[in-house]
Amino acid sequence: MFRVTRRAAASAITALALSACGAETSSDAASSDSGETADAVILQDVIFGDPNAPVTLIEYASWTCPACLAFHNEIMPTVQSEYIETGKVRIVFREFPTAPVDVAVAGFAIARCAGEETYYDVLDELFMRQDAISTLARQGGPVVEALKQVASNHGIDGDEAFQACLDDQSNRDAIRASIAAARDKQVSATPTFFLNGAKMEDNARFSATTFSAELDNALSAAETE
C-alpha cells in the first residue's frame, strides 16, 4: 500500500491539493495544520549556490507541474551556468506540491531522504520522468514501483527503506512548512519566483533572455546598495 496517500495527504496535503499548476489551494492554510511559519521553513530550505551570493532567488515549484518542467528544461540550465555556478545567485527551492499531490509529496520526500547534496539530482530525474509517472497516476498504473526505482537510483534501496522515507515525519513537516511559507507569500501557482524578496512577474519565466534580464537587474541593484 502506498501509505503516503493515507498519511501525508490525510494530514495537511490533501487539504492543499492543487488541480493544476496554476490552481488555487483550498481555503485551509497549511500553517494552521502544521504549526509551521514562513520563518521556520528557512531552517529546512534546500539551497544551491554560494551562500554569500548577492542575489537570492526563491522558487516555489512542483516536479509534477508541466510549467515547472518547462522552466527546468528551458531556463534553469542558463541560470545554473551563468548565475549560480559563477557565485552571482543562490537559489532556494521550496516544494509546493501540485496534482497528483500524494505523488508529488512522495517524490519530494525521496529527494529529501537522498540528502541535500543529492536533492537536485533526484529532482532532475523526477522532472525527466514527469510525463511517464503522471500517466501512470492517471491510468491507475504502478506509480509506487516507478517511485521506488527513482529512490533506488539514489541510494534508497528496498521496500523497507522506501517506506521509511515516506513515513519520515521530518520530511512531511518540511514540505508542510514550505507550503506554509508559500501561503504566507500568497503563492497560488507554480512556478513562482521571488528575487531578493520581491515577487517576479509571471511572464519572466517564459524565456531565458527575460529571466536573465531580471537577474541582471537584481545584481545591479545589489551592487549599488
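The model is predicted, so local features need pLDDT of at least 70, side-chain atom pairs count only at pLDDT 80 or more, and totals for chains, interfaces and linings use all residues. Residues are numbered from 1 along each chain as its sequence is written, and side-chain values use heavy atoms, with hydrogens and water left out.

**Overall make-up**

The protein has 11 helices and five strands. Helices (H or I, at least four residues) and strands (E, at least two) are DSSP runs, numbered from the N terminus. Of the 225 residues in the protein, 48% are buried. Buried means under 20% relative accessible area, exposed over 50%, and partly exposed in between, with a 1.4 Å probe and protein chains only. Contact means heavy atoms within 4.5 Å. Among contacts between residues at least 6 apart in sequence, 78% join residues at least 24 apart.

**The sheet**

The five strands form an open sheet with mixed pairing, in the order β1-β3-β2-β4-β5. Two strands pair if DSSP finds at least two bridges between them. Strands of a sheet pair through backbone hydrogen bonds, either parallel or antiparallel. β1 and β5 (198–199) are the edge strands, each pairing on one side only.

| Strand pair | Sense | Bridges |
|---|---|---|
| β2 and β3 | parallel | seven |
| β2 and β4 | antiparallel | four |
| β4 and β5 | antiparallel | two |

Individual partners can be named within these pairings. T56 has R90 in β3 as its bridge partner. The β4 partner of I58 is F194, and that of Y60 is T192. L195 stands opposite A198 in β5.

β2 is mostly covered, with seven of its seven residues buried. From this strand, V55, L57, E59 and A61 point one way, while T56, I58 and Y60 point the other way. In β4, T192 and F194 point one way and F193 and L195 the other, and all are buried. β4 and β5 form a hairpin with two residues between them, and N196 in the turn has a positive phi of about 50°.

**Helices across the sheet**

Axes are lines fitted to C-alpha atoms, for helices over the stretch in contact, and angles run from 0 to 180 degrees between N-to-C directions. α6 lies across β1 and β3 and runs at about 85° to β1. Helix α10 (residues 169–184) lies across β2 (55–61) and β3, at about 110° to β3.

**Helix α4 and its cover**

In helix α4 (residues 76–84), the buried residues are M76, V79, Y83 and I84. Seen down the axis of α4, these residues fall within an arc of 75°, so they line one face of the helix. The arc is that of the directions from the helix axis to the C-beta atoms. An α-helix has 3.6 residues a turn, so residues three or four places apart point the same way. The cover over the buried residues of α4 includes β1 (46–48), α3 (66–74), β3 (89–95), α6 (116–128) and α11 (208–224).

**F71 in helix α3**

F71 lies in helix α3 and counts as buried because its relative accessibility is 2%. Leaving aside neighbours within four places in sequence, F71 is in contact with E59, M76, P191, F193, R205 and F211. F71 and P191 are 120 residues apart in sequence, yet 8.0 Å apart in space, C-alpha to C-alpha.

**Packing of α5 on α9**

Helix α5 (residues 101–114) and helix α9 (residues 158–167) pack at an angle of about 105°, with their axes 9 Å apart. That angle makes α5 roughly perpendicular to α9. Angles under 35 degrees count as roughly parallel, over 145 as roughly antiparallel, 65 to 115 as roughly perpendicular and the rest as oblique. On α5 the contact is made by A106, A109, I110 and C113, and on α9 by F162, C165 and L166. By class, this contact has seven nonpolar, no polar and no charged residues. Ala, Val, Leu, Ile, Met, Phe, Trp, Tyr, Cys and Pro count as nonpolar, Asp, Glu, Lys and Arg as charged, and the others, Gly among them, as polar.
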